[in-house]
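Hi,

Here is the structure I said I'd pass on. Have a look at it first, and my notes on what turned up are just below.

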Amino acid sequence: MILIADGGSTKADWIALDSNKNEVFRVRTLGLNPAVVPEDELKNRIVNMFQLINIKEQVSEIHFYGAGCGTPQPVSILTKVMEDIFSNASVNVAEDMLAAVYAASEKKPAVVCILGTGSNSCYFNGEEIEMLAPSLGYTIMDEASGNYFGKILLRDYYYKKMPKKVATTFKSEYNLDADFIKLNLYRKPNPNMYLATFAKFMFDFKDEKYIRKIIKKGFEEFFKYRILPYNKNSETPIYFIGSIAFYFKEILEKIAHKNDLKITGIIQRPIDNLLEYHKKNIN
């Protein structure tokens, strides 16, 4: 049995294949970002999914692509967790950027971007990923991500910069008690995932002028820091992965056009494309 997984900070999608590459089942666990989730919790999030545990002895290969897996230490942590659970499997843990490349460009040259709970980008030259800089995560980077916009919404609400009508609805949909917010930000695990929960509010109110304005500004920052420095022209395909890009693609395409670039494709969930890539490339 082979397991293929695409994992963000919020959730991880898993697909199990049999020896003939036929799909056996799909499941979704909570996010498995080893840069922000403690080791014990990583293990719990896997073992609590009975479909995975029921086949743990049968699994021979695991191909996991995840947020927070771009540097050696978190990769080592997550690899050990999986090897302890799936004792008969060879485990390959790679960054989610590589999954985005496989899902979007199928190993053809392209700029590939992620806009989900977190954000990132790379240029894939057909053989290797080229990145502007390692991602330092949700506190410093992650422009135009779910947690980036969550910070803006909370800050604007508390500074009374949010339009009154929007603020009233925002207050009715979330617990905005200051102590509750600080508990989630500074005492509980996954503060980036908590911040990203506010992105749903933007999806529901995407026609509001205020929401569109902050989305536009976030996308402009993303292009400034994560796309334009690659110095590519409109002939280079640009792909986006993730719900933020998918739900606000109209604004995203306008920002690209403003910079004389063209978006080739936007994929909300890359797991199906990733599956097809692996079916073609697993021996």
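The sheet has five strands, is open, and runs in the order 3-2-1-4-5 with mixed pairing. Strand 3 (23-30) and strand 5 (90-95) are at the edges with a single partner strand each, so one side of each has no neighbour in the sheet. On average, neighbouring strands here are turned by 15° against each other, ignoring direction. Bear in mind while you browse that this is a predicted model.

Within that sheet, strand 1 (residues 2-7) pairs with strand 2 (residues 11-17) in the antiparallel sense, over six bridges. If you want a spot to start from, I2 stands opposite L17 in strand 2. Then look for helix 4 (residues 96-104): this helix lies across strand 1, strand 4 (61-66) and strand 5, and runs at about 85° to strand 5.

Now for the aromatics. There are 20 aromatic pairs in the count. One of them is F246 with Y247, an edge-to-face pair at 5.4 Å centre to centre and 90° between the planes. Both residues count as partly exposed, because the relative accessibility is 30% for F246 and 33% for Y247.

Cheers

Note on methods
Residues are numbered from 1 along each chain as its sequence is written. This is a predicted model: local features need pLDDT of at least 70, side-chain atom pairs count only at pLDDT 80 or more; totals for chains, interfaces and linings use all residues. Side-chain values use heavy atoms; hydrogens and water are left out. Rings of Phe, Tyr and Trp (its six-membered ring) pair if their centres lie within 6.5 Å; planes under 30 degrees apart count as stacked, over 60 as edge-to-face and the rest as tilted. Buried means under 20% relative accessible area, exposed over 50%, partly exposed in between (1.4 Å probe, protein chains only). Two strands pair if DSSP finds at least two bridges between them. Helices (H or I, at least four residues) and strands (E, at least two) are DSSP runs, numbered from the N terminus. Axes are lines fitted to C-alpha atoms, for helices over the stretch in contact, and angles run from 0 to 180 degrees between N-to-C directions. Contact means heavy atoms within 4.5 Å.
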